[in-house]
Amino acid sequence: MAPKAKRRSKFWETKYFGFVIGLIIISLFFSVAQTTTLFKGLELKIFDLHLVLKSWFKTRHLQEGVTFTEQNLKRSEDINIIGIDATTLAEYGKFPFPRYHFADLINAYSRIKNQALRESALYLDVFFVDKDSNAADDALLESAIRSSSKVVLETVLRKDFPSSSLDESEFWERHALLESRMPSVANVKGNWQRVPEFLGFEAPLKPFAGGVMTYGHANFIEDLDDVYRRQPLVAKISQLIELIPLDGLSTSLSIKPENFERICWMDFSGNFHEIAYPLTEKTVAELKRILPKRSPPKVEDTDEDGQPDKEVFVIRKYRDYFTPAVTLSLALNYFNKKPQDIEVVLGKHIRIPSPQIWDAENARWVPYSIQVEKDQTDRETGELIKLGKRLEIPEILIPINENAQMLINYMGYRSSEAGEGNQTFPVRSFSELAGRVKPADPELWRESMAASNKILMVGAFARGMAQDEKPTPLGLMYGIEIHANALNTILMNNFVKVMPVWVNLLILSALVLIVCFMSSRMPSLISLGISLILIVGFFFGVSMLFDNAGILVDFSTPSLGDDFFLRGHYRLSRHDRREG
């Protein structure tokens with residue numbers, strides 16, 4: 001009689017052991033997602049796809065060459081672009097053209113009889129770092145800026161000061177002048193020491209800086225694939241206050257963290273390492289041990305003979321300033337708020353309390369509200385029948401990451417340079433509007449410029465101009481369009497809200513375990529088909545959630561986890577059949 005075959009434990013059968021594989025996959029994929037960039041690149045592309053699908057559904061083609069975008073309640077009607085376009089360059093010459101043209105544009109909007117119908121702001125996305133060759137043009141521009149009281153200029157932040165004939169002290173003097181016009185953000189909570197620092201910047205000339213209404217930095221941050229999806233709404237500029245010799249370092253060193261002062265040391269690669277404060281004897285001893293090995297010394301000429309004769313290792317003391325992005329500054333001005341009114345909680349939000357909007361008809365500020373239902377109009381006459389419902393916004397919470405960066409919720413593809421093409425944001429030609437300037441005599445001014453409470457954004461809008469085209473999820477766009485989309489994200493309270501880590505873990509676990517359950521109790525082909533349907537349905541659900549609520553759910557990790565499990569389960573099932 002043949003001996004009985006040894007029976008395998010039920011634990012190793014597919015319908016039981018499959019759950020063990022599922023738990024292993026959940027742990028593996030979650031760990032990889034949190035500790036590497038493997039899935040982050042995929043998730044960025046999924047984010048892009050959400051934006052593409054949203055734009056595709058909201059745009060329809062009426063006839064060849066003409067695209068019509070239906071009224072979008074998530075796009076602010078108060079954002080207008082004034083493009084330095086091909087028409088402008090044909091009329092004024094190649095850029096940079098004479099600065100008096102900017103003075104003409106500013107004066108065209110400021111010289112109106114009814115000042116209650118003025119624009120909210122006139123933002124010039126143009127660098128005025130160096131003096132013009134024609135001093136008279138600079139004088140005209142300075143006069144226009146001061147007379148307007150609505151002009152907004154920008155700074156450009158650098159990792160280090162650019163090569164320039166100007167001394168660093170000149171830029172810090174310009175920064176102080178801008179600070180006198182609008183102080184930096186003071187209420188910053190969280191680990192502000194870890195926010196990436198900018199050690200240099202370019203700022204407008206003092207005569208211009210002294211006359212602006214407000215200012216902000218114009219920097220964006222590109223992702224791993226060099227696509228621009230986010231903007232640091234608050235950026236850290238670090239001013240070197242003092243170099244402290246390592247030999248003289250002691251626990252008595254005094255700094256004021258409440259004034260955003262900090263100390264650090266620099267390694268051979270130029271990376272900065274924060275030093276915990278207050279100092280302890282142990283910390284000082286450790287610094288004296290590691291700096292001679294890992295930090296470059298400062299070379300000094302003590303006898304002033306032109307030859308270095310001493311090497312000193314130093315600790316750096318910095319004073320940090322948290323300067324708002326120009327889009328945040330424009331939004332705060334639009335809401336009748338100042339940087340000192342807001343709260344920045346790194347890794348969570350920027351809070352703008354009690355936003356208001358200018359009511360030009362009654363010449364007063366009123367609580368801010370957003371239209372959530374379309375107006376009803378007569379189809380034949382176009383007359384307004386009923387105003388759409390509006391929702392009052394008691395506060396605005398802008399979601400940001402630990403570096404104060406906001407994801408931009410792009411509203412659509414780039415606007416066409418030709419008027420008959422796609423117009424995500426209305427675009428007017430610079431030269432057309434600058435040509436409307438009136439003389440200084442108020443009796444000759446027009447009643448208005450049809451720009452009541454509008455945010456006018458002036459920037460490059462001709463291909464090849466100053467290399468101002470940048471890759472975005474919806475293709476190349478001019479820098480001014482990226483600013484417009486970032487500003488619109490804030491004004492319309494239309495933020496991209498990234499799901500917390502624990503929610504993504506819950507979704508990953510649920511999907512993998514559901515597939516585990518089906519695979520253990522159904523034939524492989526049927527479970528495979530149902531699983532594919534589940535993944536497709538999950539994608540459409542995630543896409544709809546993004547389109548309707550701006551909620552961004554991790555799709556790549558759960559879907560790849562399911563795929564990985566199905567492959568493993570199929571091999572395990574084949575092994576079971578052979579064993580059987």
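Q: How exposed is Glu274, going by its relative accessible area?
A: This is a predicted model, where local features need pLDDT of at least 70, side-chain atom pairs count only at pLDDT 80 or more, and totals for chains, interfaces and linings use all residues. Residues are numbered from 1 along each chain as its sequence is written, and side-chain values use heavy atoms, with hydrogens and water left out. Buried means under 20% relative accessible area, exposed over 50%, and partly exposed in between (1.4 Å probe, protein chains only). Glu274 counts as partly exposed because its relative accessible area is 28%.

Q: Which residue does Glu274 meet in a salt bridge?
A: A salt bridge here is a side-chain nitrogen of Lys or Arg within 4 Å of a carboxyl oxygen of Asp or Glu. For Glu274 the N to O distance is 2.8 Å, and the partner is Arg262.

Q: Is Arg262 buried or exposed?
A: Look at the relative accessible area, which is 3% for this residue. That makes Arg262 buried.

Q: Which strand holds the partner of Glu261, Lys317?
A: Glu261 and Lys317 pair up through their side chains in a salt bridge at 3.9 Å, N to O. The two link distant parts of the chain, 56 residues apart, with Glu261 in strand E13 (residues 261-266). Lys317 belongs to strand E17 (residues 314-324).

Q: What sequence separation does the Arg229 and Asp48 pair tie together?
A: Their side chains meet in a salt bridge at 2.7 Å, N to O. Arg229 lies in strand E11 (residues 228-232) and Asp48 in helix H2 (residues 40-58), so the tied parts are separated by 181 residues.

Q: How many salt bridges does the structure hold?
A: Side chains of opposite charge can pair when their charged atoms come close. Here the count of salt bridges is 26.

Q: Why is helix H9 largely enclosed by the rest of the structure?
A: The helix covers residues 326-334, and its buried residues include Val326, Leu328 and Tyr334. It is largely enclosed because the buried share is 8 of the 9 residues.

Q: Which residue just after H9 takes a positive phi?
A: The phi angle there is about 60 degrees. The residue is Asn336.

Key. Helix = DSSP H or I, 4+ residues; strand = E, 2+ residues; numbered from the N terminus.
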